[in-house]
Amino acid sequence: MTTKMRKWAAIPGLGALAAAAVVLSAYSGASSDEGRDIEQPLPFPHPVHVKTLAMNCMYCHFAAGKSPDPGLPAVATCMGCHITVGPKKPDGSARPGVATLQEFWKKGQPIPWVRIHKVPDYVQFPHMRHVNAGVSCQTCHGQVQDMQRVTQVASLNMGWCVQCHLGESNPPFKARYDCSTCHY
Amino acid sequence: MSSSKEPNGATGPGGTRREFLKILGATTATTAAIGCSSDRVERLIPYLNHPDETVPGVSTYYATTCRECAVACGLIAETRDGRTIKLEGNPAHPLNRGALCARGQAALQGLYNPDRYRGPMLRRNNRLEPVTWDQALQALAQKLGEVRSAGRAGDAVFINASETGSFPAFLDEWLTGFGMPTHLSYDALADISAVAANRQSYGVSWPALRFSEAKLIVSVGADFLDGWGATVPQQLDFADARAKIEGAPRLVYIGSRRSLTGLNADEWIPCKPGSELAIVNALSGAAGASLDQAAQAAGVPAATLQRLGREWAATKPSLMLAGVTTANAMTVALAVNALNQAAGNVGVTIRPAEAISAFDTLSSPAEIAEALGRMNEGRVPLLFVRNANPIFTLPKSGKFAEALAKVAFKVSFSSYPDETSELCDLVLPDHHPLESWGDAQATATVMSLQQPTMDPVFSTRATADVLITLAKANQTTAAQYPAPDYRSFLIG
């Protein structure tokens, strides 16, 4: 009887340990979505667009330099090229995803992309401040130009942010890091 | 219950504790499993076509006109990602100089009101049912045709909110084109007695009030700090007056209720309701009026009135306002106007030459009563009501609902379900002013333009556009309406 009771009594202790782990992991990055493999409604190959066709990031993410929001390309932006660049290459091989894209356009529906990068609502990440300070997209988003399918590379947690604001990144940047810099 | 367990210390509390811990353990595990799971999928929905000249996350600002009351202050509307999110006064507008009252600030609550009509509604089987715009307009066109062929168009009634600008004249032209009488201009917020008295005394409905020119302000029930008259310009001017380091006016408030103006006054003279006229007459020294009688009628010490009378006579320039709501309101307002004229305040603190246009189109209570009488006699075949809710705002003794029931076909242009629209046969919901084109006349020399600050939330349609569509479909009126819509009509 007493042993049984002791066994159960350990549960609140375990609960407290779990809570502590959650709090610590928020700083360590253990709870972030790094590396999560996510399937999008249609395969968008960044390498073809960025490397082969040499398109600038801000052709599609047009607001990154002038807004807190980087801007998600409208379906019309995709169709600017894909109205003529169809689902089949001249040699007959397939361009995967283009048919799905054109299908969305024909139906007049936006593409329901799955969000990959997100900081909590109590954190502000104004893209234009970072872009205009010369921080490259890859600093936070990784080598997107090499990703057939985009995944989250950096932890995007507070410790990671502060490290860069302290000037410990390569190349080094220095920015204010008091609370209200990001939590406002 | 518990008393039976308490003596058994070994099993009772132990069992409870065990159960508690089991539940706690299970809850913790469940919370951990659900809360820490990272499989939630958040979607990013892009535009299909990106609207021109907008940047996501960056606001666009539109200058437009507030239509929450007839005064029509200038607005700056902040719109982000296609949604208007904040209104402020337009600092460049001569009337409100960047200020905006609480009612103006709250205009967004109307824009995003969850109860708004999603589209037109037609009464079928004694219930308002959603219909398409084509069906709704066809129903109205048919009814218009019936009324005209029966030769009864001259008995139709159109009640529109009192407003300035191009719309009232546009509406009257449309009504005349269909053989109907001109519209009634209705405003539940306007001080109709003061407006009638002003028209009689000064020839304008609302002269500009210059508080800043006065040395003494006496308000007889006029709650100008809480929405009486041309709220924002008056309050701005009063604030300027009181901000003076030297020569700021003293404010005396005479009224039975200590209103916001009464609370802010230097002196509140509480009087019995309905005794205001006696006080004003005593102050003006009208024939047969004595201070003692007035003091007795008002329940105010005679010495107080004597002191006020001396102060009024000795202080120039001054300003007296009347805003009582008793049955003799117009008599009080006329007596106050006469006092101001005698004191030489007209042209100094009261400026008819710089009049506010807000109440210029306002119909008199007699005109409203005449229409109500015709409705009651069952002579009105067709009634339109726009931006007004007479069932709610008219006194119940007016029996507007009963009179409305005797009208054969009732059309409402209300954007929201209200007491009046719910009893109508056809609802053609108007755009919210923040979704509409328009204009307003603030004063004789100030014209305020109104533009949409965002796309309409629901399937609503500007009343002016509905009228143009109906006129175009009608052979006799079509030629008068070459413009495709009201915006083109305004631009000319």
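In chain B, the side chains of E88(B) and K86(B) come together in a salt bridge, with N and O 3.0 Å apart. A salt bridge here is a side-chain nitrogen of Lys or Arg within 4 Å of a carboxyl oxygen of Asp or Glu. The model is a predicted one, in which local features need pLDDT of at least 70, side-chain atom pairs count only at pLDDT 80 or more, and totals for chains, interfaces and linings use all residues; side-chain values use heavy atoms, with hydrogens and water left out. Residues are numbered from 1 along each chain as its sequence is written, while chains are lettered from A and ligands numbered from 1 in the order in which they are written.

Buried means under 20% relative accessible area, exposed over 50%, and partly exposed in between, with a 1.4 Å probe and protein chains only. Over all chains, the structure holds 28 salt bridges. Another lies in chain A, where K118(A) and D121(A) meet at 3.2 Å, N to O. Here K118(A) is partly exposed at 35%, whereas D121(A), at 67%, counts as exposed.

A further salt bridge pairs R386(B) with E163(B), their closest N and O atoms being 2.7 Å apart. This pair ties together distant parts of the chain, 223 residues apart: R386(B) sits in strand β15 (residues 382-386), and E163(B) in the loop between β7 (157-161) and α6 (167-177) of chain B. Both R386(B) and E163(B) are buried. Helices (H or I, at least four residues) and strands (E, at least two) are DSSP runs, numbered from the N terminus. Salt bridges also form a network in chain B, linking D155(B), E370(B), R374(B), E377(B) and R379(B).

Next come the strands of chain B. An open sheet is built from three strands in the order β2-β3-β4, with antiparallel pairing. The edges are held by β2 (60-65) and β4 (83-89), each with a single partner strand, so one side of each has no neighbour in the sheet. From one strand to the next, the twist averages 30°; axes are lines fitted to C-alpha atoms, for helices over the stretch in contact, and angles run from 0 to 180 degrees between N-to-C directions. Two strands pair if DSSP finds at least two bridges between them. Six bridges join β2(B) to the antiparallel strand β3 (residues 74-80), and Y61(B) stands opposite E78(B) in β3(B).

Elsewhere in chain B, five of the six residues of strand β18 (residues 438-443) are buried, so the strand is largely enclosed by the rest of the structure. Its antiparallel partner is β19 (residues 446-450), joined to β18(B) by five bridges. Within this pairing, A440(B) has S448(B) as its bridge partner, and a hairpin of two residues connects β18(B) to β19(B).

G262(B) belongs to helix α9 (residues 260-264) and is buried, with a relative accessible area of 0%. Beyond its neighbours within four places in sequence, G262(B) is in contact (heavy atoms within 4.5 Å) with Y253(B) and W268(B).

Chain A has nine helices and one strand. From the N terminus on, its elements run α-α-α-α-α-β-α-α-α-α. Of its 184 residues, 29% count as buried. Among contacts in chain A between residues at least 6 apart in sequence, 59% join residues at least 24 apart.

The two chains also meet each other. The contact takes 33 residues from chain A and 26 residues from chain B. Together, chain A and chain B bury about 2500 Å², 70% of it on carbon and sulfur atoms; buried area is the accessible area (1.4 Å probe) that two parts lose on being put together, summed over both. Across this interface the rule finds one salt bridge. E42(B) forms a salt bridge with R115(A), with the closest N and O atoms 3.3 Å apart. On the side of chain A that touches chain B, α1 (2-28), α4 (75-82) and β1 (113-114) each supply at least two residues, and α1(A) gives the most, with seven residues.
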